[in-house]
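Good morning, and thank you for coming.

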Amino acid sequence: MESKSNTVRVKLSKSKKDGFGFLVQRRESKPHVVVSDLIPGGLAVECGLISRGDIVVRLNDTYLTDIDYEKAVFILRSAPIGHTATLLLRAPDGFTTHLVTTFDENGVGKTIRVTSPFIQNDSFISRIKRSFSRGQSPIRLCNAEAPSDTLVDPTAIENSNNFSSAYSSDLTLGSHDKCSIEMEPNEPINKLISNVNSNHNNMIQSPKIYLTNAADDKHQSYTNVTDNNSRSVSNTIPSSPGNANEPCEQVDKDHREIKYVNTDKEATTAYHMKENESVPTPKRNSVATNRVENTTSDENRRSKMDSPKNYPTSESYSPGSRRSSLAVLTGIDGQKVSGERRSSQLKKFMKLRNLADESRASLDTLHSKVIDTVPCTPDRCLGSVMAHMNKRPPGVPRCKEEVLLHARDFIEQYYTSIKRLNTPAHLKRLQKVSASIEKIGTYELTSSELTFGAKTSWRNAPRCIGRIQWSKLQVFDARHITTARGMFEAICNHIRYGTNKGNIRSAITIFPPRTDGKHDYRIWNAQFIRYAGYRQPDGSIVGDPMNIEFTEICEQLGWKPKSGMFDLLPLVLQANGHDPEMFEIPRDLVIEVPLIHPQYPWFAELNLKWYALPAVSMMVFDCGGLEFTAAPFNGWYMGTEIGARNFCDISRYHFTGIVAQKMGLDTRKSSSLWKDRVLVEINIAVLYSYQVAGVTITDHHAAAESFMKFAENEQRLRGGYTADWVWVVPPMSGSLTPVFHQEMLMYKMKPSYEYQEDPWKTHVWMKDRDKKTSDRPKRKFRFRELARAVKFSAKLMGRALARRVKCVILYATETGKSERFARMLCEIFKHAFDARVMCMEEYDVIDLEHEAMVLVVTSTFGNGDPPESGEQFAKDLYELKSTNGRSGDLRKMSYIRMSVSSEPEDSQSISNLSADDNLQMEAGPLSNVRYSVFGLGSRAYPKFCAFAYYMDNVFNQLGADRICKLAEGDELCGQEESFRQWAKKVFEVACETFCVGNDFSLKDATSALAMTDYSWSPDKFRLTPVDNEKEPDLCEALSQLNGKHVLQCRLLQRTQLQSPKSSRQTFLMRLDITQSDSELSYLPGDHVAIFPANSAPHVDAILRKLQNAPDPDQLIRVEVLQEKNAPLGAVKGWTTFKKIPLCTLRTALTRFLDITTPPSQTMLKLFSTQANRELDKEELEHLGTDLHAYEDWKYKRVPTLAELLDEFPSLRLSPTLLLSQLPTLQQRFYSISSSPKAYPGEIHATVSVMRYKPQMEHEGVCSNWLNRLEAGDTIPCLVRAAPTFHLPEDGTLPIIMVGPGTGIAPFRSFWQQRKIDKEMLKEPSNGNRQGWGQMYLYFGCREIDIDNIYSAELKSAMEEGVLKEFYVAQSRNPSMRKMYVQDVLMQNSKAVCDALISRGGHFYICGDVQMASDVTRTLQQILQKEAAMDSSHAMDYILQLRDSNRFHEDIFGVTMRSTEVTDRARDQAKKAWIDKVGSSIELERSSKGSIETGKKD
Ligand SMILES: Cc1cc2nc3c(=O)[nH]c(=O)nc-3n(C[C@H](O)[C@H](O)[C@H](O)COP(=O)(O)OP(=O)(O)OC[C@H]3O[C@@H](n4cnc5c(N)ncnc54)[C@H](O)[C@@H]3O)c2cc1C
Ligand SMILES: Cc1cc2nc3c(=O)[nH]c(=O)nc-3n(C[C@H](O)[C@H](O)[C@H](O)COP(=O)(O)O)c2cc1C
């Protein structure tokens, strides 16, 4: 039991600061000294080799084992600083400890120490269990069965990086002596233990390997590889040598010495065991600065190591090697390999030369990750054997244990790929998968895992030369399909998508995986498209000789042979283990290219042709332990496949003789090289013909170059690549291509595409299934048994499947418009796609990679920033870009910078590149994603639609394919129309891109734009009086409508801040926030959102003009007549219209509907139908259709609904029209003006009362409502955090605050907070900086005596030393020059620069957007002036400040100087809009009549 390695020797150079970097604690029994804790950042942590719970056995030569604790500690303390000391540490009894080196994708090694419980009698399953519990560390092999109570609950590991820390907490709790661990057994995995022994023996067999002559069937031979000199190639639980019934446990006993060697000049760490003398002992090497040795507890044991047969090869044992796990499974690792051979295999990493270019030599480390073996033996290389079949008998599914092992490996790969390895999500997924495997022997891959698996399989395909494209694989998930007909439809869609009118695209369709082996899905065709081959009575062959056997099967199934040279074979499809069914491929799906030659006109007369789409359909997609027996995939052709192989191979069409004759070549002697000349010409013809026909093809030179590029990428990303040289080197001119000269290593990475037995050789026919005559089902194909086969006519029905193409519509919104647009878009896309809408904040950026199409609808807020709901997504996307970015420069840019530098067309769209470019291109992580962006914004803001541009650019840079140019929707002009234009366009292009949508009318689909669910017509809505219910609480109703928790606050006090002489009003409002159950919490800098009420006169004016309206104070429910799909067809029914909660008409108009924003054109058109006077009708119609007239009218009057009703007196409106079509009344934000510490239970706001006068006096809804409320009135509120506008964490830093007018609002909360902090907290210090950072306030007003709000408070803040300086800029003081805040800033440029640059200060701006832009420009000038920066450097510096969260903006919008701003902006907007879409809209209108819609801005 104690024969285990649990000591470790560590050399450390003791540091002055924290000694050895660990703390010790007394242990009751001897030896006394135990490591109780590690000092963060100390030596022990840094070296990673000392763990809590370690017993300190020896320091240099002094044993601490027999001396008392005090003495031992004294000795440790007295170790001289700066000298290297050797510590001998022992893991607690019952544990083993060893070192593990793991390698990252780049082959960079990292060594850690792993301590784990010593497990006796370790079985295969206990090893699996430990592999589960260990996260990154490789599976290690022991020979003891694990008692179940020592198993590790993966969740215990979740909280710790390695096993040792999982138990060390127990030690510190005092269980030092026993060091026992009590962890929950892992139930599902435990159960597997009991199953394993019964399962593992039943599949051992000795397969024969057929040596095939691909050109000549007759030259086949076979060999039985299970002779005495080699191992059995069985995919089974291993048997120990000599006893097939016992689990294989002939692995190391953990008593080994592990040393590091550094064999390579590139400093790669090799690793091996010193097992016996036949293994060369490596040179010792140090690990980082500290040398370490892992020793056995009994050092003499080393000389008595077990005999060689008991060891796996070093490779199978190598730390970091996943192969070790499967080594047990397959039982193949060097059991019979001589010591000599083993020693040659000890070389961990393989250096691969490039014989043409030594600089291309590489070191392969990737192979250390394999979990499957190649079929070669130490005696025989099977490199040229055509197909390495699955080692299990046909129809036998994988055993649970093997599924589990593969699943674990795959899930680990997947979570590594999404950078979430060992996260709770990973462990949770692992648990779920293992529980499912335990229960039903299998599990389901998520669609993201499936996509990742399919792409990775391509990446891992050793024989494929075109792998540079691996990430650009379109995955069609067809796992829901259950019938052959369904398979046929999916395949038709695949062919159509892949062919893409000749512009071939890579795709895979994945049907359900194997279950019990009796319900397999199979495509009997080797490729989707193949030409029939007919053997003639005279022995000659017509058509493609390769397909003779399959053609005969088709004939037996009832297919009528056509006896031509190029007859398309039908699809033979087997679903769910049923007998196969046959389908003709619709002719219009198949593109064929007639062959012509650029110089030889006679070539066309040969009537040769070939198809465009090479789609392999017989391989099994082996992913995560699941076997997808039908998973056809396609890429595009390399010319030689057709020219050399299909037309010149002796076993194929073999046209060499005919062409030679036409060319007039001397075919009598081979030395004339006539065959070679023919080969070249046929290949020229193929390439030329495909190019002329516009069908994607690549030549072998380009393909080989692209492969070298792929290899280079893979070397960089994964430390190597697997490649089968025999296949990668093209069939002609091999040595002219670079791949010929490249050494390659062939190994089996998972997931993968594998060969499988021809289905007709394994299928059990229905009629044979119930026969009791034989125990074994018949699998052999016999022709006469095929009579039951069914033949279908081939009408293409792709609609259902087309909808399998995923489309996610992501939106980010602040006030709800983007969401509404996104939902409208989804209605359209649902007609042809599997479309769903998601808010960016709910979406995990990691999933992007696996989307087929992403549509982004987003607004811009702040000053070019994302709306809050897009903030995190923007950051995550930026991170994704930084880790994957192709350009080094991009990595340096923050996402904010990106928005600033965004340009609509900054890089070339991938779709514009030619196939050859594609081959050369390094694809980004989103290379398989199609996308388009719609931006909502307002030209009143300097950074118009900046966030949308940011999105557009980042997607592009991540390699996504922009299918439609970004479109902008300007709130000031034509936003909705621009959206309609874009939505239609993007839908059309998307349908074209994915070859879907020809089965429904585009008009129907896009009618969602005009008639979304809730467009209005007189009979579509109704109001139902409700008598026996109570009107719901307002805050509850608002919470429901807004999806946020709205709370009720009470007005405590309102204080006017401006002098009575002022023409304007600003007030301080104090709210009591203790009214509701849950209290609002906030920090200085946050916002309070207020849900206002419309004024009673406005509401009354509207109520007076309604027709057929119920009593305004009657409780009503608004209902909508909607069509629903029912089993007998569509039926109509009334449902509640959720936009308006149960309330009275008066409440609806007061609380829920926006009645002051000028009605939209759509609304005016609807109103025109409600006017009783012809003149009103006409005018409304005119305004509703003539954009220019409407824009002028709207701009001049800014009419509210009540004003419009005055203007058109004959209008009598239907209440349902208003209730269903008016936009929702929005919340208003106010920067909180109080500190929660200074005023607990209160929120203060500084509100400027909004009044403006376009033609007549207008009042802002919220500010005027607040101004009218009495103390004690209730106000629905919520708090919105503004994390980018908080005080700096480091209180010592100086702060510059710029806030003219109401912009001072948040700064009041700052100075209040600082005052309290100064009173209550200790003075902060940070390095040289001592004490509270200085605060400078720049305020702006018209005239100091009139609107210098908070002047008294500011005066005391100055006196109390809270504020260092307070500057006031006056813009309308008759006795002074006009000054704005930016002018005062400029006057203090030195101090500003000093605070920011020399003292690392923070800069805050609050107020309207124009002021913020002006101030930023001034800051830029200050930096130019004082810090000698040029203008771009200065702007860069400001952006850096923003990136590092030292430049903060709180933008109110355009409210403050709105007249000037909107005037200018609107002119621009109008011009831009008319230039862009106005004319096309006019055109569209005249051709289609009016655009119907029920929606309004
Ligand atoms: C993050 C943030 C923080 C804010 N903090 C504060 C704060 O601390 N204090 C404060 O007072 N305000 C603040 N605001 C502004 C505030 O939210 C409201 O916008 C403001 O109070 C006006 O709201 P209202 O309902 O009274 O006016 P509304 O009814 O919303 O009317 C304002 C609208 O009227 C229109 N309008 C205004 N002037 C004209 C004109 N001349 N011509 C034509 N149309 C015009 C514009 O469309 C404008 O948006 C903040 C805004 C934001 C976004
Ligand atoms: C405070 C505030 C700041 C804004 N900042 C910008 C901006 O920087 N750029 C821009 O184009 N639009 C800006 N807008 C306009 C919004 O993007 C526009 O109103 C949009 O239609 C809102 O869409 P949403 O409802 O989906 O959020 C801003 C609006 C507000 C109220």
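**Salt bridges, ligands and the overall fold**

Let us begin with Arg-980 and Glu-977, whose side chains meet in a salt bridge with an N to O distance of 3.8 Å. Please keep in mind throughout that this is a predicted model. Why can these two side chains meet? Arg-980 and Glu-977 are 3 residues apart in helix H30, which spans residues 975-993, so about one helical turn separates them. In general, an α-helix has 3.6 residues a turn, and residues three or four places apart therefore point the same way. Buried means under 20% relative accessible area. Arg-980, at 5% relative accessibility, counts as buried, and Glu-977, at 12%, is buried as well.

Are they buried or exposed? Arg-823 is partly exposed, at 41% relative accessibility, and Glu-819 is partly exposed too, at 26%.

Asp-1347 forms a salt bridge with Arg-1064, and their closest N and O atoms are 2.8 Å apart. Asp-1347 belongs to helix H42, whereas Arg-1064 sits in the loop between strands E42 and E43, so this pair ties together parts that are 283 residues apart in sequence. Asp-1347 is buried, at 5% relative accessibility, while Arg-1064 is partly exposed, at 32%. Salt bridges can also share partners: one network joins Asp-372, Arg-398, Glu-402, Asp-622, Lys-748, Lys-750 and Glu-754. The count of salt bridges comes to 61.

I turn now to ligand 2. Which residues come nearest to it, of the 24 around it? They are Thr-813, Thr-815, Ser-818, Thr-860 and Glu-971. An N or O atom in the side chain of Thr-815 is 2.3 Å from an oxygen atom of the ligand. Backbone atoms take part as well: a polar one of Lys-817 is 2.8 Å from a ligand oxygen, and an N or O atom of the Ser-938 backbone lies 3.1 Å from one. The protein covers 91% of the 650 Å² of accessible area that ligand 2 has on its own. Helix H24, strand E38 and strand E59 each supply at least two residues of the shell, and E59 gives the largest share, 3 residues. By class, this shell has 7 nonpolar, 13 polar and 4 charged residues.

Ligand 1 also has 24 residues around it, and Phe-1229, Tyr-1230, Thr-1246, Cys-1262 and Ser-1263 come nearest. A backbone N or O atom of Phe-1229 lies 2.6 Å from an oxygen atom of this ligand, and a polar backbone atom of Ser-1248 is 2.8 Å from a ligand oxygen. Taken alone, ligand 1 exposes 970 Å², and the protein buries 80% of that. Strand E48 gives the most to the shell, with 4 residues. The shell divides into 11 nonpolar, 10 polar and 3 charged residues.

Finally, the protein as a whole. It contains 48 helices and 59 strands, and 58% of its 1497 residues count as buried. Helix H35, residues 1161-1168, is mostly covered, with 8 of its 8 residues buried. Among contacts between residues at least 6 apart in sequence, 74% join residues at least 24 apart.

Methods:
Residues are numbered from 1 along each chain as its sequence is written. Chains are lettered from A and ligands numbered from 1 in the order in which they are written. This is a predicted model: local features need pLDDT of at least 70, side-chain atom pairs count only at pLDDT 80 or more; totals for chains, interfaces and linings use all residues. Side-chain values use heavy atoms; hydrogens and water are left out. Buried means under 20% relative accessible area, exposed over 50%, partly exposed in between (1.4 Å probe, protein chains only). Contact means heavy atoms within 4.5 Å. A residue is near a molecule or strand if one of its heavy atoms lies within 4 Å of it. A polar contact is a pair of N or O atoms within 3.5 Å; within protein, one must be able to donate a hydrogen and the other to accept it, and residues adjacent in sequence count only if both atoms are side-chain atoms. Accessible areas come from the Shrake-Rupley method with a 1.4 Å probe; for residues, only the protein chains shown count as cover. Ala, Val, Leu, Ile, Met, Phe, Trp, Tyr, Cys and Pro count as nonpolar, Asp, Glu, Lys and Arg as charged, and the others, Gly among them, as polar. A salt bridge is a side-chain nitrogen of Lys or Arg within 4 Å of a carboxyl oxygen of Asp or Glu.
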